[in-house]
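Subject: The structure I promised you

Hi,

Have a look first, then read on for what turned up.

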Amino acid sequence: MDMCKKEGLHQVDLLTPAERKITEKEYWAQRRGQEKLDKLNQKMKEDGITPKETRYQTEKQFLRDAIDDAASTARSPEEFSKILDEKYHIIFKISRNRYSYLHPGRKKYITGRNLGTRYTEDFLLKAFEENTKSHREQKEEILEQQTPNTSTDLATVPFSDTSAIPAPFIFIKSDLRLVIDLQTCIKAQQSEELCI
């Protein structure tokens, strides 16, 4: 690796673990599965049927995609587990501070370490904290938008657009009265009382 750095050559970093760990066995399983799926889809197209799936997915890749989706919105391990279970039917468990996932078609758990560093406890806890922080900031923005400061907002709103200016409620005492019943008003006018 040092020689590659000196010569400016491309190098594979063998020291740090991969974010998405794909073993050779999984790579070849995905490749063979995709070839079989392509042949099957070709036969279906010849018969006039449009295939539902065009991309083959290994069990580990299904787990990676589901975990990425759940981790993008979850704010705690409990919420994360709930999303995985309800949306993807994946069972999530924590055993000895290791995150493990059970694919719906398997009986044996797959650890996060076997999937890559993005699926371990350290990475996911940081993602949960970031999601919580961004959710809190969004809430604060919404609250600020809902409760504008009228003393500062009035000066910034142009006078041509009066719909944005909050109208204060003003009460003016008057001797005028609201006429609800016209018949009583007409009788009052006939008896020379003024009806307004």
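Glu59 is partly exposed, with 32% relative accessible area; that label covers whatever falls between buried (under 20% relative accessible area) and exposed (over 50%), worked out with a 1.4 Å probe and protein chains only. The areas come from the Shrake-Rupley method with that 1.4 Å probe, and for residues only the protein chains shown count as cover. Before you go further: this is a predicted model, where local features need pLDDT of at least 70 and side-chain atom pairs count only at pLDDT 80 or more, while totals for chains, interfaces and linings use all residues. Residues are numbered from 1 along each chain as its sequence is written, and side-chain values use heavy atoms, with hydrogens and water left out.

Back to Glu59. What does Glu59 form with Arg106? A salt bridge, with the closest N and O atoms 3.4 Å apart. The term stands for a side-chain nitrogen of Lys or Arg within 4 Å of a carboxyl oxygen of Asp or Glu. Glu59 sits in helix α3 and Arg106 in the loop between β2 (98–102) and β3 (110–111), so this pair ties together parts that are 47 residues apart in sequence. Arg106 is partly exposed too, at 29%.

How many salt bridges does the structure hold? There are 8. One of them joins Arg20 to Asp68, with 3.3 Å between the closest N and O atoms. Because Arg20 is in the loop between α1 and α2 while Asp68 is in helix α3 (residues 59–71), the two tie together parts 48 residues apart in sequence. Arg20 is partly exposed at 38%, and Asp68 is partly exposed at 22%. These two also belong to a network of salt bridges that links Glu19, Arg20, Asp68 and Arg118. Another pair is Arg75 and Glu79, whose side chains meet at 3.6 Å, N to O. Arg75 has a relative accessibility of 32% and Glu79 has 25%.

Now for the overall layout. The protein chain has 8 helices and 3 strands, and its pattern along the sequence reads α-α-α-α-β-β-β-α-α-α-α. Both are DSSP runs numbered from the N terminus: helices are H or I with at least four residues, strands are E with at least two. Of the 196 residues in the chain, 20% are buried.

A polar atom of the Asn131 side chain lies 2.7 Å from the backbone oxygen of Ala71.

Helix α6 (residues 121–146) also holds Glu141, which is partly exposed at 48%. Glu141 gathers with Glu137, Glu140 and Glu144 in a surface patch of negative charge. Patches are built from residues with over 30% relative accessible area and no salt bridge, joining like charges within 9 Å and nonpolar side chains (Val, Leu, Ile, Met, Phe, Trp, Tyr) within 5 Å. Lys and Arg count as positive, Asp and Glu as negative, with His and the chain ends not counted; a charge is placed at NZ of Lys, CZ of Arg, CG of Asp or CD of Glu.

There's a nonpolar surface patch as well: Met1, Val12, Leu14 and Leu15, with about 460 Å² of accessible area together. Leu15 is in the loop between α1 (2–7) and α2 (24–46) and is exposed at 71%.

Cheers

Notes. Polar contact = N/O pair within 3.5 Å; in protein donor to acceptor, adjacent residues only side chain to side chain.
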